[in-house]
Protein chains: 2
Amino acid sequence: MSAHTVVAKYVIETSLPLRHAAEVLAGEQSTGTFVRVARESDDLRARFAAQVDSIQEIPLTGSPPLPGAVGDPSERRRAILKLRFPLDNFGPSLPNLLAAVAGNLFELKELAAIRLLDLDLPAPFADRYPGPSFGVEGTRRLMGRTEGTMIGTIIKPSIGLAPDELAELVGELAAAGIDFIKDDELQGNGPSAPLAARVRAVMPVLERHADRTGVKPMYAFNITDDIGRLEANHDLVVEAGGTCVMACINLIGLAGLDFLNRHSTVPIHGHRAMLGAIARSDQVGIGFRAWQKLARLSGADHLHTNGISNKFYESDAEVLDSIAAVREPLLGLTPTVPVLSSGQWGGLAHATYAAVGTTDLLVLAGGGIHGHPDGPMAGVQSMRDAWASAARGESAEDAYAASDALRRATESFGPVRV
Amino acid sequence: MSAHTVVAKYVIETSLPLRHAAEVLAGEQSTGTFVRVARESDDLRARFAAQVDSIQEIPLTGSPPLPGAVGDPSERRRAILKLRFPLDNFGPSLPNLLAAVAGNLFELKELAAIRLLDLDLPAPFADRYPGPSFGVEGTRRLMGRTEGTMIGTIIKPSIGLAPDELAELVGELAAAGIDFIKDDELQGNGPSAPLAARVRAVMPVLERHADRTGVKPMYAFNITDDIGRLEANHDLVVEAGGTCVMACINLIGLAGLDFLNRHSTVPIHGHRAMLGAIARSDQVGIGFRAWQKLARLSGADHLHTNGISNKFYESDAEVLDSIAAVREPLLGLTPTVPVLSSGQWGGLAHATYAAVGTTDLLVLAGGGIHGHPDGPMAGVQSMRDAWASAARGESAEDAYAASDALRRATESFGPVRV
């Protein structure tokens with residue numbers, strides 16, 4: 001990987017010859033317009049034009065062409081395309097990079113599918129973007145969980161709890177030995193439960209718990225808001241003793257996350273709400289592998305990957321690939337913690353561990369803890385028992401036999417997955 | 001429209017009963033999780049649950065279900081759905097609003113299509129977000145074009161021009177009577193043409209032109225960059241006498257645009273690069289009508305709508321609907337200027353004017369000016385002649401007969417569109 005180029009990997013479909021469509025894309029995203037113009041010299045093209053690196057044809061999937069695609073549909077072909085961009089075209093600026101690798105290209109009528117799959121970024125991006133300051137090790141240190149899977153939950157109901165109810169719930173979860181609690185992404189800074197009121201309700205409970213036990217569970221307050229309010233929201237949390245802030249990355253923007261990261265003195269819990277808008281279609285948008293690199297460079301200490309058997313659309317294979325992607329090294333950045341969430345409960349621990357082979361994970365159960373038939377304390381216990389068993393190499397059956405809390409969980413959530 | 005609710009309009013598809021799918025969506029985006037949990041009282045639901053306002057079934061389109069959709073495909077139905085959210089759930093914060101109306105919902109497996117089409121936002125959003133400070137009137141005043149269509153261009157080649165070449169080109173365009181010039185969205189702040197060097201090259205040319213003629217064409221310098229650099233980039237432009245800054249809205253985020261808007265003292269030219277990633281599929285994402293409201297609240301004085309006969313995927317009907325959307329009043333905000341761009345040239349003026357009936361437009365031609373057979377000056381003249389003729393109520397044939405520059409343009413760009 002040259003220090004002076006970016007390679008972007010796409011899947012495309014086109015009814016034009018593949019090479020021609022690839023060159024339209026490369027031209028539109030570097031030196032070209034729809035006609036050749038004055039001052040567009042051969043020398044300028046040689047220095048600044050994006051280059052077609054490779055085209056690998058793959059089978060069509062059965063999806064129809066994107067709206068507005070031109071050409072004879074029966075001529076349509078699908079390919080993996082790699083384009084190479086000179087770094088000098090944009091410099092190591094993520095917003096300006098995106099104009100080239102993920103800008104107007106999604107609108108090209110020559111393309112019947114156009115999806116950014118991955119990016120190879122050179123070292124200058126890591127020189128400019130510090131990335132996570134805490135990651136796996138810093139998070140473990142702050143929450144006092146030096147080994148084993150980090151177990152967390154989301155406050156449920158998502159919204160509507162009064163501060164005294166929230167404090168009571170947090171107290172129960174802390175007593176149950178939870179490592180991590182987060183606001184729901186729907187809980188922002190609205191008038192019914194302002195951030196300041198939540199901080200006032202939660203932090204004394206956690207501080208008292210820490211005084212008694214020596215361990216302060218990490219609470220990720222959702223500080224998502226206008227950019228001009230992020231610093232104050234962060235400071236409110238940190239001044240009250242909070243050890244984590246949560247930001248919905250797509251709602252403040254990747255650039256907003258980087259802005260927060262340069263100010264933040266605690267781990268940033270990166271929520272992926274709205275990702276489906278760009279990631280769900282297999283014909284258009286940006287895939288998780290590309291997006292997670294941008295999110296990590298922008299400072300996500302924790303990053304939502306979804307979990308197996310989730311309530312969302314992704315298959316287990318996609319989820320496992322996302323977890324693997326977040327765990328791959330990236331330009332020497334501090335490792336980000338993959339966050340498994342959505343439909344998670346203790347009965348998924350063994351199957352997940354068998355697939356990922358690590359406990360450097362933050363596994364969140366919302367309904368899987370709050371909806372446990374014996375309440376949140378038993379919900380936490382069922383998660384802890386299951387993940388500890390999996391990490392010891394036991395079978396799911398062993399865990400089921402040994403843990404009352406896990407057995408009771410199966411009464412609500414179905415059989416343990418093996 | 002109540003001051004206390006937000007109505008979000010979607011198109012959905014589902015193989016579940018429509019009412020059931022709508023309620024899953026409403027629940028997921030307000031009080032619910034996948035099981036009912038403690039403290040989720042009827043009273044809490046009554047106050048905070050999103051409500052299904054209306055469901056109107058419409059025909060399927062032939063597009064396949066989104067990946068991961070559950071249920072029998074033969075049972076699939078399509079509908080326009082309106083959901084009503086209590087404003088108190090999030091308050092008048094755009095990032096927190098988006099968590100509810102455009103967050104995790106795109107990932108729901110119960111939905112085989114899910115696309116946000118429009119938003120009805122109550123007055124408190126305009127109390128919090130100032131929106132554009134200049135809009136149509138302020139832009140006309142600054143560029144000295146008090147009536148008639150505002151004619152502009154994009155610097156081409158997009159990238160790679162040396163500062164002296166850029167200065168020369170800007171001088172030609174100013175001499176030709178252009179109202180507006182913009183950097184290409186690909187021209188950010190890279191090492192080959194830093195913003196500071198472009199400002200130093202361009203502004204003296206425009207100042208000298210203004211000294212001679214009393215009119216300073218507006219140059220939109222692309223200041224897109226990390227959030228922490230936007231203010232300095234803006235100040236660099238303004239201190240040199242610049243009268244406009246351009247931001248790629250999706251690359252700095254809507255929240256980044258609002259951040260810039262609260263600092264900016266000149267019009268913000270809002271570029272829509274990357275919009276296709278969320279807007280092109282008819283099965284998932286966010287449509288232009290919803291997005292443009294968010295962009296206007298966030299401060300876009302100018303907003304790209306595309307133009308008819310463009311080189312991108314949108315049909316003329318879609319483009320005209322986008323122009324109409326931007327021209328509709330929104331919560332008393334200063335009117336934003338629709339920006340028609342992509343494949344534009346003089347021969348499209350009459351057809352466009354016949355459809356939109358206004359000259360409160362900024363029409364940009366890149367190749368259509370720089371690629372004119374007699375060069376950029378003739379390109380500008382052909383645009384000016386054509387739009388003036390259209391606004392006078394003449395036919396396209398009249399304009400063709402009267403304007404040498406327009407006749408010559410047809411030799412490169414094809415017949416005038418009537």
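Predicted model: local features only at pLDDT ≥ 70, side-chain atom pairs only at ≥ 80, totals over all residues.

Me: Now the helices. Why are helix 15 and helix 17 of chain A called roughly perpendicular to each other?

Reply: Set the value against the range. Helix 15 (residues 376-391) and helix 17 (residues 404-413) of chain A pack at about 110°, with their axes 8 Å apart. Angles from 65 to 115 degrees count as roughly perpendicular. Helix 15 and helix 17 of chain A are therefore roughly perpendicular. Their crossing is left-handed.

Me: Which residues bring helix 15 and helix 17 of chain A together?

Reply: From helix 15 of chain A come A:A378, A:Q381, A:S382, A:D385 and A:A386, and they meet A:A405, A:L406 and A:A409 of helix 17 of chain A. By class, this contact has five nonpolar, two polar and one charged residues.

Me: How do you know what to call the angle between helix 15 and helix 17 of chain B?

Reply: Helix 15 (residues 376-391) and helix 17 (residues 404-413) of chain B pack at an angle of about 110°, and their axes are 8 Å apart. With 65 to 115 degrees as the range for roughly perpendicular, this pair of helices in chain B is therefore roughly perpendicular too. Helix 15 of chain B passes helix 17 of chain B in a left-handed crossing. On the helix 15 side of chain B, the contact is made by B:A378, B:Q381, B:S382, B:D385 and B:A386, and on the helix 17 side by B:A405, B:L406 and B:A409.

Me: At what angle do helix 6 and helix 15 of chain A cross, and with which hand?

Reply: The axes of helix 6 and helix 15 of chain A cross at roughly 35° and come within 8 Å. The crossing of this pair is right-handed. A:L169, A:E172, A:L173 and A:A175 of helix 6 of chain A meet A:P376, A:M377 and A:V380 of helix 15 of chain A. The residues of this contact divide into six nonpolar, no polar and one charged.

Me: On to the strands. How do you know that strand 5 and strand 13 of chain A pair?

Reply: Count the bridges. Two strands pair if there are at least two bridges between them. Three bridges join strand 5 (residues 150-154) of chain A to strand 13 (residues 362-364) of chain A, and these strands run parallel. In this pair, A:I151 stands opposite A:V363 of strand 13. The sheet is a closed barrel of eight strands in chain A, running 5-6-7-8-9-11-12-13 with parallel pairing. Its neighbouring strands are turned by 25° against each other on average, direction ignored.

Me: What makes strand 2 and strand 10 of chain B edge strands?

Reply: Strand 2 (51-58) and strand 10 (284-286) of chain B each pair on one side only. They belong to an open sheet of five strands in chain B, with the order 2-3-1-4-10 and mixed pairing. Strand 2 of chain B is joined to strand 3 (residues 77-86) of chain B by seven bridges, and the two run antiparallel.

Me: Last one. Why is the relation between chain A and chain B that of a two-fold axis?

Reply: A rotation of 180° with 0.0 Å of shift along its axis superposes chain B on chain A, with an RMSD of 0.0 Å. That is therefore the relation of a two-fold axis. Of the residues of chain B, B:G253 comes closest to the rotation axis, at 2.3 Å (C-alpha).

Notes: Residues numbered from 1 in each chain as written. Chains lettered and ligands numbered in written order. Heavy atoms only, no water. Axes fitted to C-alpha atoms, helices over the stretch in contact; angles between N-to-C directions. Helix = DSSP H or I, 4+ residues; strand = E, 2+ residues; numbered from the N terminus. Parallel < 35°, antiparallel > 145°, perpendicular 65-115°, else oblique. Left-handed = near helix turned anticlockwise from the far one by under 90°. Contact = heavy atoms within 4.5 Å. Least-squares fit on C-alpha atoms with pLDDT ≥ 70 in both. Nonpolar A, V, L, I, M, F, W, Y, C, P; charged D, E, K, R; others polar.
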